[in-house]
Amino acid sequence: MNIGHVGVWHPLFGNAPGETGGRAAARAEELGYGSVWVGEGPGSKDPLVSAAILLAATRRIAVGTGIASIWSRDAAAMAGSRFALGEAFPGRFIAGLGVSHAPLVNARGHDYAKPLTAMRRYLDGMDETAKHHREVDAPRLLAALRPGMLELARDRADGAHPYFVPPEHSERAREILGPGKLLMPEQAVLVETDPTRARETARDHMSVYLSLPNYLNNLRDLGYTDDDFAGGGSDRLVDAIVGWGSPDAVAERVRAHLGAGADHVAIQPLSPGGPDLDDALRQLELLAPALGLR
């Protein structure tokens, strides 16, 4: 896939009303970004439907699911959707899959006891369904954080799409994935040079993720402790998870991921008060020159 090194992850690409998400994706395309990503969470729109809408609203930019939960649709449905989008939009769809998180999965009536086993079986089901289709150019990435899932991404997928990770995670992920596998992490960013305002917005964003064990356990593996998780996150943790500052400072954070082994970084512009597509696009315009896109 010829999508460059920088894309955009934003919750409102898929969940904004009407044609708003499509127009925002088209603007990101105009600015030179190589991908846009849609997520899936409680109450969200279907990410595969949203991906189709965004692909139809744009011309060249890739669209990824970051992620489509394996608990929301069975493996055959996922395989069929991947084939349909990959065939309709060659070289532009990225199927990001994930096991989500225990509180969200258990609320749907599923058993989260063995997520790695569940993902392995899901991939088996996708591969069995794929026997009925032709080969399709649509990479399959796993939302992998820790070694077990990264190894599965290496062995059974085209790579990994980690979320809520600092650059040191990209270095560890590349070591496990080895060469030839895609590594496309998400990186939260904020064009804001005032430390107090930047960290306040960052902590608002981080609060939900610091309540989920998968992210905490991954951060513990990277050397962070319960002291870092307390009070909305220590300055050390906040500054590791969110790249804030001038456009050049944010671009340096992106380059840190790339230097650590990432192939493509999906930046997520944060906004005071919560997700805001207009503000995100404003930041993307400011960042494009610093990222070498314009």
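The side chains of arginine 140 and aspartate 127 are joined by a polar contact of 3.0 Å (a pair of N or O atoms within 3.5 Å, where one must be able to donate a hydrogen and the other to accept it, and residues adjacent in sequence count only if both atoms are side-chain atoms). Please keep in mind that this is a predicted model, in which local features need pLDDT of at least 70 and side-chain atom pairs count only at pLDDT 80 or more, while totals for chains, interfaces and linings use all residues. Residues are numbered from 1 along each chain as its sequence is written, and side-chain values use heavy atoms, with hydrogens and water left out.

**Arginine 140**
- Arginine 140 sits in strand 6 (residues 140-142); strands (E, at least two residues) and helices (H or I, at least four) are DSSP runs, numbered from the N terminus.
- Arginine 140 counts as buried because its relative accessibility is 6% (buried is under 20% relative accessible area, exposed over 50%, partly exposed in between, with a 1.4 Å probe and protein chains only).
- A polar atom of its side chain lies 2.6 Å from the backbone oxygen of arginine 156.

**Strands 9 and 10**
- Strand 9 (residues 186-191) pairs with strand 10 in the parallel sense over four bridges; pairing needs at least two bridges found by DSSP.
- Leucine 190 has tryptophan 244 as its bridge partner in strand 10.
- From strand 10 (residues 242-245), Val242 and Trp244 point one way and Gly243 and Gly245 the other way, and all are buried.

**Nonpolar cores**
- The largest nonpolar core has 62 residues, and those with the most contacts inside it include Phe13, Leu97 and Ile267 (a core is a set of buried Ala, Val, Leu, Ile, Met, Phe, Trp, Tyr and Cys residues joined through side-chain atoms within 4.5 Å).
- Helix 14 (residues 277-290) gives the largest share of this core, six residues.
- Another core, of 33 residues, lies apart from it, with Trp9 and Leu190 among them.

**Largest pocket**
- The largest pocket holds about 1200 Å³ of space.
- Of the 44 residues that line the largest pocket, the closest to its centre are His101, Tyr163, Tyr209, Leu212 and Tyr215.
- On a 1 Å grid over the protein atoms alone, a pocket is an open set of points where a 1.4 Å probe fits, with protein on both sides within 12 Å along at least five of seven lines; lining residues have an atom within 4 Å of a point.
- Grid points are joined across faces, edges and corners, and a volume is the space filled by probe spheres set on the points.
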